[in-house]
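Have the model open while you read, and follow along residue by residue.

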Amino acid sequence: MQSIGSEAELEEVLSRPDAAVLQSVRELQGDFVVLGAGGKMGPTLCRMLRRALDSTGGGQRRLLAVSR
C-alpha cells in the first residue's frame with residue numbers, strides 16, 4: 001500500500017482511473033453527465049472520468065458537471 005503524504009497526493013490517487021473505469025469509458029458512447037458534482041465525491045469523480053476520457057482517446061467527448 002502506498003503512503004500518502006499530502007492532500008494533493010490523495011486526490012491524485014483517488015482520481016486515477018483503474019482498468020475497469022478505462023474499459024467502461026471505451027465501451028460507452030457519447031458525453032457524460034455527473035450529477036452532484038459539487039458534493040463530497042463529485043470533484044474527484046469528475047477528475048477521474050476526465051482523466052479516463054483523455055487517456056482512452058475520448059478527449060473530444062464532453063463531461064458535464066451538474067450541481068445545485
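Before the packing angle makes sense, one definition: axes are lines fitted to C-alpha atoms, for helices over the stretch in contact, and angles run from 0 to 180 degrees between N-to-C directions. Keep in mind that this is a predicted model.

The chain has three helices and two strands, and from the N terminus they come in the order α-α-β-α-β. Its C-alpha atoms fill a box of roughly 35 × 30 × 15 Å along the principal axes. Of the 68 residues, 24% are buried. Take the contacts between residues at least 6 apart in sequence: 66% of them join residues at least 24 apart.

Now for the helix pair. How do α2 and α3 pack, in angle and in axis distance? Helix α2 (residues 19–27) meets helix α3 (residues 42–55) at an angle of about 65°, and their axes are 9 Å apart. The crossing is right-handed. On the α2 side, V21, L22 and V25 make the contact, while α3 brings M48, L49, A52, L53 and S55. Sorted by type, that gives seven nonpolar residues, one polar and no charged.

Buried in α3 are G42, T44, C46, M48, L49, A52 and L53. Their cover includes α1 (7–14), α2, β1 (32–35) and β2 (63–66). Just past the helix, G57 has a positive phi of about 85°.

| Residue | Relative accessibility | Class |
|---|---|---|
| S15 | 1% | buried |
| L45 | 41% | partly exposed |

Where does S15 sit? It's in the loop between α1 and α2. Because buried means under 20% relative accessible area, S15 at 1% counts as buried. Its side chain makes a polar contact of 2.9 Å with that of R51. Setting aside neighbours within four places in sequence, S15 touches T44, R47, M48 and R51. One of these, M48, also takes part in the contact of α2 with α3.

L45, by contrast, belongs to helix α3 and is partly exposed at 41%. From L45 to F32 is 13 residues in sequence and 11 Å in space, C-alpha to C-alpha.

Note on methods:
Residues numbered from 1 in each chain as written. Predicted model: local features only at pLDDT ≥ 70, side-chain atom pairs only at ≥ 80, totals over all residues. Heavy atoms only, no water. Helix = DSSP H or I, 4+ residues; strand = E, 2+ residues; numbered from the N terminus. Left-handed = near helix turned anticlockwise from the far one by under 90°. Contact = heavy atoms within 4.5 Å. Nonpolar A, V, L, I, M, F, W, Y, C, P; charged D, E, K, R; others polar. Buried < 20%, exposed > 50% of the residue type's maximum accessible area, 1.4 Å probe, protein only. Polar contact = N/O pair within 3.5 Å; in protein donor to acceptor, adjacent residues only side chain to side chain.
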